[in-house]
Structure formats: structure tokens, C-alpha cells
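User: I would like to go through the links between side chains in this structure. Please start with the terms.

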Amino acid sequence: MVAGAVIGFVLATRDDPESAAAPSSSPAPTAAPSSEPSGDAGGASICGLGDVVLTGSVSTAPSAQWEFQGTTAYPTSAEFGPGESNEQGIRYCFEHSPEGAIFAAANAVVQGSDAATSPDWIAYFLSEETPNRSQLLSDVAAGSSSSTRMNVAGFRLLNYDGESARVDMAVRAVGSGNSVNASAVYDLVWESGDWKLLPQDPNNPLQMAELPDTAGYIAWEE
């Protein structure tokens with residue numbers, strides 16, 4: 001769930017190929033997350049942000065203002081989100097649209113990889129329908145910080161139907177004297193007025209894979 005820790009492990013073991021086997025390619029488009037409709041699939045965001053768009057795709061990088069959490073840049077938009085933050089510093093409330101889903105996933109990369117915010121963030125972001133949800137929350141809370149420096153590099157919107165979205169985020173990271181490109185797939189559902197994560201495989205929630213490069217992704221970075 002914490003992308004930075006997983007990427008850090010890949011970097012640390014890069015010089016020892018027998019210690020870790022990383023997938024060689026990013027996931028291909030598949031079916032959207034399987035879940036029962038939440039009942040508010042057509043609803044507006046929890047903070048009334050933006051429009052409600054139930055179909056569509058994204059072929060160019062949305063305009064964004066980039067801010068920093070630690071050393072990692074994350075995108076913000078008055079139109080797409082995040083529209084709110086709480087006293088723990090958790091950013092939430094994204095537009096119910098393809099762009100809103102992409103902004104939610106990009107912010108998840110950053111918030112989920114900061115040990116200071118990840119426990120509170122995942123308690124909000126993880127869907128109530130997630131199998132073994134309590135165990136995943138415990139795993140994130142028990143996670144350790146990572147010295148890996150990373151940044152969002154691009155995205156692919158694999159599926160979008162208004163009720164769910166599948167966003168493949170490309171990330172570049174540097175640590176342990178190595179650099180790596182990686183993919184993390186966010187299976188999102190519209191739940192309680194915001195985009196939430198509903199992993200298809202609780203044992204591998206983000207389906208992380210090492211990438212040879214970011215070809216095929218829509219470039220999007222600070």
C-alpha cells in the first residue's frame with residue numbers, strides 16, 4: 001500500500017537480482033473493479049467540488065498547480081481537487097470525473113508514501129468494501145519510513161465508468177545509489193462522495209511493477 005517502501009526495496013536490492021524479482025512490465029487494461037454500486041455513483045463530491053462526469057477518458061495531462069509534501073511534488077486543482085484537507089494534513093475530495101480520479105491517484109502516491117500521513121490517509125482512502133480491510137490498515141500503520149526520493153512521472157487511465165476508475169501511475173524514484181521507474185495501479189470506486197481505493201488483490205493492492213521506461217504513459221510532472 002505504501003508505494004515508497006516497495007520502491008525503496010526494489011532500489012536496495014537492484015544490485016542483488018536473487019533477492020527480489022520485479023515484474024518486467026506494467027499491467028494491461030483489465031475489467032474495472034468489481035463491487036456493488038455504492039448508491040451514490042451519480043453523486044457529487046463530498047465537498048461539492050466540480051461537476052459529475054460519468055463517462056470519458058483523458059488523453060492529455062490536466063493543468064495542475066504542483067505543491068510539495070516533503071520532497072515529493074503532488075498536483076492540485078481548484079476544479080479537480082483536492083478540495084479539502086483535515087487537521088492531520090490529509091487531502092481529500094476530488095471531482096467525480098476522469099480527471100478527478102487521476103488527481104486522486106496522484107495524491108495517493110504521495111500521501112501513501114509518507115510515513116507521517118499514511119496511516120490516517122489510508123483509513124480515509126481505503127474503501128469500506130475492501131476484503132481484509134482491517135489487516136491492510138494494520139500493515140500500513142506498522143510500516144516504516146523510506147529514504148527513497150520519488151516523483152510522479154505520468155499516468156494511464158485504463159478504465160472509467162463513473163462508478164469506478166482504474167488509474168496506472170508511473171513513478172520515478174532514486175535511492176540506495178540507484179534509480180527506478182515503477183508503476184502503481186489504483187483501482188478506485190466512487191464511495192461516500194469521493195474516490196476510494198478498492199484493491200482487486202489485497203495481497204498486492206497496487207500491483208506494483210518495475211518499468212524499463214515510462215513510454216506509453218501520458219507525461220505529467222512538476
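Analyst: Buried means under 20% relative accessible area, exposed means over 50%, and partly exposed lies in between (1.4 Å probe, protein chains only). This is a predicted model, where local features need pLDDT of at least 70, side-chain atom pairs count only at pLDDT 80 or more, and totals for chains, interfaces and linings use all residues. Residues are numbered from 1 along each chain as its sequence is written, and side-chain values use heavy atoms, with hydrogens and water left out.

User: Is Arg172 buried or partly exposed?

Analyst: Arg172 forms a salt bridge (a side-chain nitrogen of Lys or Arg within 4 Å of a carboxyl oxygen of Asp or Glu) with Glu221, their closest N and O atoms being 3.2 Å apart. The relative accessible area of Arg172 is 30%, so Arg172 is partly exposed.

User: Which strand holds Asp187, the partner of Arg166 in a salt bridge?

Analyst: The closest N and O atoms of Arg166 and Asp187 are 2.7 Å apart. Strands (E, at least two residues) are DSSP runs, as are helices (H or I, at least four), numbered from the N terminus. Arg166 lies in strand 6, so the pair ties together parts 21 residues apart in sequence, and Asp187 is in strand 7.

User: Which residue is joined to Cys47 by a disulfide?

Analyst: A disulfide is a pair of cysteine sulfur atoms within 2.5 Å. By this rule the count comes to one. The S to S distance is 1.9 Å, and the partner of Cys47 is Cys93.
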